[in-house]
Amino acid sequence: MTHFGIICPPYPGHLNPQAALARELQSRGHHVTFLQIPDLESKVQSEGVNFYLIGEAIYQPGSMAETFAQLGKLSAIKALDYSLDFCQQIVEIVCQDAPKAIAKTGIEVLLVDQLEPVGETIAEYLNLPFICISCAQVIHRRADIPPFFTPWSYQNTHLAKIRNQVAYYFLDRSCQPLLQAINRYRQEWKLPDYRHIYASNARLAHISQQPRLFEFPIPDLPSHLHYVGPLRNTSPKFVSFPYEKLTEQPMIYASLGSVQNTKEAVFRCIAAACDGLDVQLVIAHGGGMSAEAVRSLPGSPLVVEYAPQPEILAHASLTITHAGMNTTLDSFSYGVPVVAIPITFEQPGTGARIRSTGVGEVLSLRKLSISRLRSLIKRVLTENSYKKNAQRIQQSIQLSGGVKQAANIIERVTQSQRSEVVEAI
């Protein structure tokens, strides 16, 4: 049996799928430990996974809530820029504390989220095998693939490649403070500098929770990249829901995830767009709205702080989402098409895949209006092609293997790595 350590961003969109993977590995007899900041202790433990504290000397408890609140006020590039300071702090925490934590706990293999690139540096420094996990979309860092933060479609042309490379150049420039923070430790540990952000060096395996059909038609993918579909299983954390309030009307489920959930204006626009339609709108705001703001929403939506998302989507006809990967994939798991309003981070890239696969419509935040949104809601609900395409993705998810396939791959490559070490000795 193996002791796995997980290093990932301290956001629910990464913690939840990583926790599902951890539970699957634990069910097979392995030991799994999250290395995380103090604010995440109760969250991780409520998911049935071991927690080991890092960052106690650097991190100010409670400051993640402040970061979330500020990020919720921002969109597009401004949100990316603001997150850099927090990411730099995480780099310092991981580099200072993770090596000691790994030695003390006896962690043997690291599962590193692609959006926490400093985790690979720790693995290289300690000469530990590591596996890259993409909870958001896979970041390929190839000239023919549009950057994750853009809404561009895939075009394998000379001009598109130039456009993509220019965008990647500006990404690396804007992330210089983060790269410099990582490279300071890499130089200290006699490792070559990182030149590009989010360019994974994984060789054992790179696991994505996208199904292969929810990706651009990319040629020549590396053999160690595996599209396994959503990383999901039953969480021990119970979320109640007033099922008795559901009607027989077609249900529209709306969520802006765990970071953008304070955008009351977007929720108001969603409620107004659904008002007057023969639908039942269910909004899960994740604690981002006050009781007064909820009462002032147009129409009569059913509003909850949290919802058991998979169970609710089993009843849904349409999802309105910020194009966060988890809500998007949960929708497709039940064959539910989407209307996406990408806000920042990787969401525009997820929106581009929604558009290219025909599983929904995409409306930029800049163009969001009640009339435009209502028009797209009507279109996706009435035109059967969206539902059919969502069902195609649903079938792809069912065949991809999900969290069990991810665990199979992890066990296989880990055992293979050990065999190679033994043979070398």
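1. A residue is called exposed when its relative accessible area is over 50%, buried when that value is under 20%, and partly exposed in between. The model under discussion is a predicted one. K190 has a relative accessible area of 72% and is therefore exposed.

2. K190 belongs to the loop that runs between helix 7 and strand 6 (206–208). Its backbone deserves attention: although K190 is not a glycine, its phi is positive, at about 60 degrees. Most residues other than glycine have a negative phi.

3. The loop between strand 6 and strand 7 (225–227) contains D220, whose phi is positive at about 55 degrees although D220 is not a glycine. Its relative accessibility is 72%, so D220 counts as exposed.

4. Within helix 5 (residues 118–126), the buried residues are V118, G119, E120, T121, I122 and A123.

5. How do helix 6 and helix 7 cross? The axes of helix 6 (residues 158–174) and helix 7 (residues 176–188) come within 5 Å and cross at roughly 60 degrees. Helix 6 is therefore oblique to helix 7. In this contact, D172, R173 and S174 of helix 6 meet Q176, P177 and L179 of helix 7. By class, the contact comprises two nonpolar, two polar and two charged residues.

6. The aromatic residues form a further topic. The structure holds nine aromatic pairs. One of them joins Y185 and W189 in a tilted arrangement, with 5.5 Å from centre to centre and 45 degrees between the planes. Y185 and W189 are both buried, and together with Y125 they form one aromatic cluster. Separately, R186 lies over the face of Y194, at 4.0 Å from the ring centre.

7. Is Q26 buried, partly exposed or exposed? Its relative accessibility is 24%, a value that lies between the limits of 20% and 50%, so Q26 counts as partly exposed. Q26 is found in helix 1 (residues 12–27). Leaving aside residues up to four places away in sequence, Q26 touches V32, G48, V49 and N50. The C-alpha atoms of Q26 and T2 are separated by 9.7 Å, and the two residues are 24 residues apart along the chain.

Technical notes: Residues numbered from 1 in each chain as written. Predicted model: local features only at pLDDT ≥ 70, side-chain atom pairs only at ≥ 80, totals over all residues. Heavy atoms only, no water. Phe/Tyr/Trp six-rings, centres within 6.5 Å; stacked < 30°, edge-to-face > 60°. Buried < 20%, exposed > 50% of the residue type's maximum accessible area, 1.4 Å probe, protein only. Lys NZ or Arg CZ within 6 Å of the ring centre and 35° of its normal. Axes fitted to C-alpha atoms, helices over the stretch in contact; angles between N-to-C directions. Helix = DSSP H or I, 4+ residues; strand = E, 2+ residues; numbered from the N terminus. Parallel < 35°, antiparallel > 145°, perpendicular 65-115°, else oblique. Contact = heavy atoms within 4.5 Å. Nonpolar A, V, L, I, M, F, W, Y, C, P; charged D, E, K, R; others polar.
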